[in-house]
Amino acid sequence: MLSDNRIIELLNSRFVPVWESIRPVPKVTIDFGDGRTLKRTLTGNTLFSVLLPDGRMVDAFPGVYTPSDLLSELQVTLAFLDKQRACGPMAPPLEEVAEWHRAQADVAARKELMQITLSKRFVESPLLAALGIRPRFPKPGEQPGKEQPLIEDPKAALEQVSRRIVDVSHQPATAERIRQEHARLPEEKRPSPEKLGQMAVEQDSRTNVRLLRPAVHLFFAAEGALPMARPARDAIFRRLLQVPVDDPDFGLSDGLPPGTLRSTGSR
Amino acid sequence: MRRSTSLFTLLAFTALAGPALSAPSSPSPAVKPVPSALAADAPWRRVQWAPSLQAAQERARREGKPVLLFSLFGKLDQEFC
């Protein structure tokens, strides 16, 4: 994301960018026992968040996105903040932010509905499945009435979407799923590690735009106040990214199978 | 959401896929390849990062802009995920 010129230009011209390290990166070393070792980063994730100058968070972009997806998501948020600024001070009132987020979640659900309605093949929508919304096809001759909001109770909707996110987070990593999908192909037709990585980012970005971003909108719509950056960040990591940021062991030592070596590190 | 393709994992795919698997018995290359995201001329270094959140907030107040905070595990200029 940060290697794209359009993103760099947007960050420099429209924001004051800053980065922070939440904690050191957890690493794992696999010793194959034959002299070879494999080192990898173990878990984690990233979060872009938009803050007002007083440190309150107004929007967040958890996980990974393609530059195009991140760009269009950021521009929607900027358009909202620009509109607010035109009416007065930079800090928009809480009710306006909450209503904007609820409306954005609604827009996301409608987009999913539209996609299902127009598609000639079956399109799965984790968001609609989580919210229990089924497409309704108009009867012949039926005039479109006034559109009712699809999401009326953001708190309840957030609970439903969060449960769906937990289910998705238990699936194998995207790159591994793509690799398995291509495993039957002859070797020369299988994607290279670079291509596999790119495909995984594209797929994760789609999932994040279609499920995680609406969840973020519901999170803010359900908040009683604009949250400060740190607690909001931790809540988003825990609840939406399923990363237990405040557990020093990242939840990895919750259950130890028989024979597992216990941690020797100091707590 | 699944902790699948973090930025560094992607980097690992593209730059470290081979070298990360080390075989001490074989001769090691004289120069370790530098992952492009960590290189001195990496594109993210052109972002005008504020030195701290507090400094970012002060600048945001002066310039009338929102802050964009990037939170990560590890360090942007070292290794992160």
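**Strand pairing and helix packing**

Guide: In this predicted model, strand β4 (residues 47–51) of chain A runs antiparallel to β2(B), and 5 bridges join the two. Within that pairing, A:Ser49 has B:Leu69 as its bridge partner in β2(B).

Visitor: In which sense do strand β1 of chain A and β2(B) pair, parallel or antiparallel?

Guide: Strand β1 (residues 16–23) of chain A pairs with β2(B) in the parallel sense, over 7 bridges. Here the bridge partner of A:Glu20 in β2(B) is B:Ser71.

Visitor: Which way do the residues of β2(B) point?

Guide: Side chains in a regular strand alternate between the two faces of the sheet. In β2(B), B:Val67, B:Leu69, B:Ser71 and B:Phe73 point one way, while B:Leu68, B:Phe70 and B:Leu72 point the other way; all are buried. Because 7 of the 7 residues of strand β2 (residues 67–73) of chain B are buried, the strand is largely enclosed by the rest of the structure.

Visitor: At what angle do helices α3 and α7 of chain A pack?

Guide: Helix α3 (residues 94–118) and helix α7 (residues 193–222) of chain A pack at about 155 degrees, and their axes are 7 Å apart. Since angles over 145 degrees count as roughly antiparallel, α3(A) is described as roughly antiparallel to α7(A). The crossing of α3(A) with α7(A) is left-handed.

Visitor: Which residues make the contact?

Guide: Among them are A:His101, A:Ala105 and A:Glu112 of α3(A), and A:Arg210, A:Pro214 and A:Leu218 of α7(A). By class, the contact of α3(A) with α7(A) comprises 9 nonpolar, 3 polar and 4 charged residues.

Definitions and conventions. Residues numbered from 1 in each chain as written. Chains lettered and ligands numbered in written order. Predicted model: local features only at pLDDT ≥ 70, side-chain atom pairs only at ≥ 80, totals over all residues. Axes fitted to C-alpha atoms, helices over the stretch in contact; angles between N-to-C directions. Helix = DSSP H or I, 4+ residues; strand = E, 2+ residues; numbered from the N terminus. Parallel < 35°, antiparallel > 145°, perpendicular 65-115°, else oblique. Left-handed = near helix turned anticlockwise from the far one by under 90°. Contact = placed C-beta atoms within 7 Å. Nonpolar A, V, L, I, M, F, W, Y, C, P; charged D, E, K, R; others polar. Buried ≥ 20, exposed ≤ 12 C-beta atoms within 10 Å, placed from the backbone. Pairing = 2+ DSSP bridges.
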